[in-house]
Amino acid sequence: VNFTISSPANAVIGRYNLILQVTSGNKIFSRFLGQFVLLFNPWCPGDDVYMANENERQEYVLNENGIIFVGNAKYIEARGWYYGQFQDHLLNICLTMLDLSLYYRQDPAIDVSRRGDPKYVGRVISSMINGNDNDNGVLLGKWQGSFHSDENPSRWDGSVVILQKWCQDNYKPVQYGQCWVFAGVMCTVLRCLGIPTRLVSNFNSAHDVDRNLSIDKYYDSSGKSLNISKDSTWDYHVWNESWFIRPDLGTSYNGWQVLDATPQEQSK
């Protein structure tokens, strides 16, 4: 017997069990045939992550190597980064990441039912890349102090060793990461799941904590700076953009969508 499996373009991604059931009279025979994994498909016109340009698919889905721009506006440094999204065991680690999230633990059925939506999956992965929410996340962030006992973020040059260490340490957050490390690892996971993803670097990067669209600084009457504002400006910041449509917002919002895994300001 030959048979073909044809999944809907919006089917839930993840691991599936394939079982053959044969009914003969009053008897039912079942046999487990194995597992398969379903991913997002940028080559499928009906998928929310469909990307029409083959060169872009090669770059944003299939390319395992990239460059991350860091430094400052006057001295921009290009760092090589190995995404390695097709390396052994990486897919299993990425799927396990979904099952460790707070979303899954709070309501497994609802969580799994939403995994056909790249908006939702992107938000879950964004949460899981950092370990600051006590949710078995991949990396802990650290921006000051000593790194003697753990890995200095500047020494990482790829995602694979970080994800493997996270798995080997029973999903304990790896120490330490900063924005470009969070973005590099997140790019690996999303490309592995079939979502076209890229990195974006921004220089003189404003962090407007109170959302009044300005960076506020306070001084006393003598001109002395008062350290009471949480707003700040960083030399640079790195985040991700993923490609998918936005039926919730309208076609004018289709395309590159911002995702930021750095645990600096909490999203609503």
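Reader: Which strands each supply at least two residues of the nonpolar patch?

Author: This is a predicted model. The patch covers about 740 Å² of surface and is made by Val1, Phe3, Ile5, Leu20, Val22, Phe29 and Leu33. Ile5 sits in the segment before E1. The strands that each give at least two residues are E1 (14-24) and E2 (27-38).

Reader: Which element gives the largest share of the largest nonpolar core?

Author: The core has 49 residues, and Met97, Ile125, Ile129, Ile162, Trp166 and Trp180 touch the most other members. Among the elements that give two or more residues to this core are helix H2 (90-100), helix H5 (118-129), helix H7 (179-192) and strand E10 (232-244). The largest share is 11 residues, and the element that gives it is H7.

Reader: Which residues does Met97 touch, leaving out those up to four places away in sequence?

Author: Met97 is one of the core residues that touch the most other members. With residues up to four places away in sequence left out, the residues touched by Met97 are Ile125, Met128, Ile129, Val138, Leu163, Trp166 and Val189.

Reader: Why is H2 described as largely enclosed by the rest of the structure?

Author: A residue counts as buried when its relative accessible area is under 20%. In H2, the buried residues are Leu90, Ile93, Cys94, Leu95, Thr96, Met97, Leu98 and Leu100. H2 is largely enclosed because the buried residues number 8 of the 11.

Reader: Is Leu213 buried or exposed?

Author: Leu213 lies in the loop between E7 and strand E8 (218-219). Its phi is near 65 degrees, a positive value in a residue other than glycine. Exposed means over 50% relative accessible area. Leu213 has 83% relative accessibility, so it counts as exposed.

Reader: What is the phi of Asn136 near?

Author: Most residues other than glycine have a negative phi. Asn136 is in the loop between H5 and strand E5 (139-141), and at 28% relative accessibility it counts as partly exposed. Its phi is positive, near 60 degrees.

Reader: What is the omega of the peptide bond from Gln175 to Tyr176 near?

Author: Most peptide bonds are trans. Tyr176 is found in strand E6 (residues 174-177). The bond from Gln175 to Tyr176 is cis, with omega near 5 degrees.

Reader: How far apart are the end C-alpha atoms of residues 171-263?

Author: UniProt, in an unreviewed entry, places the feature "domain: Transglutaminase-like" at residues 171-263. In the model this span is 15% helix and 40% strand, and its end C-alpha atoms lie apart by 18 Å.

Conventions
Residues are numbered from 1 along each chain as its sequence is written. This is a predicted model: local features need pLDDT of at least 70, side-chain atom pairs count only at pLDDT 80 or more; totals for chains, interfaces and linings use all residues. Side-chain values use heavy atoms; hydrogens and water are left out. UniProt positions are given in the numbering used here, feature names are shortened, and annotations may be inferred rather than shown by experiment. Helices (H or I, at least four residues) and strands (E, at least two) are DSSP runs, numbered from the N terminus. Patches are made of residues with over 30% relative accessible area and no salt bridge: like charges are joined within 9 Å, nonpolar side chains (Val, Leu, Ile, Met, Phe, Trp, Tyr) within 5 Å. Accessible areas come from the Shrake-Rupley method with a 1.4 Å probe; for residues, only the protein chains shown count as cover. A salt bridge is a side-chain nitrogen of Lys or Arg within 4 Å of a carboxyl oxygen of Asp or Glu. A nonpolar core is a set of buried Ala, Val, Leu, Ile, Met, Phe, Trp, Tyr and Cys residues joined through side-chain atoms within 4.5 Å. Buried means under 20% relative accessible area, exposed over 50%, partly exposed in between (1.4 Å probe, protein chains only). Contact means heavy atoms within 4.5 Å.
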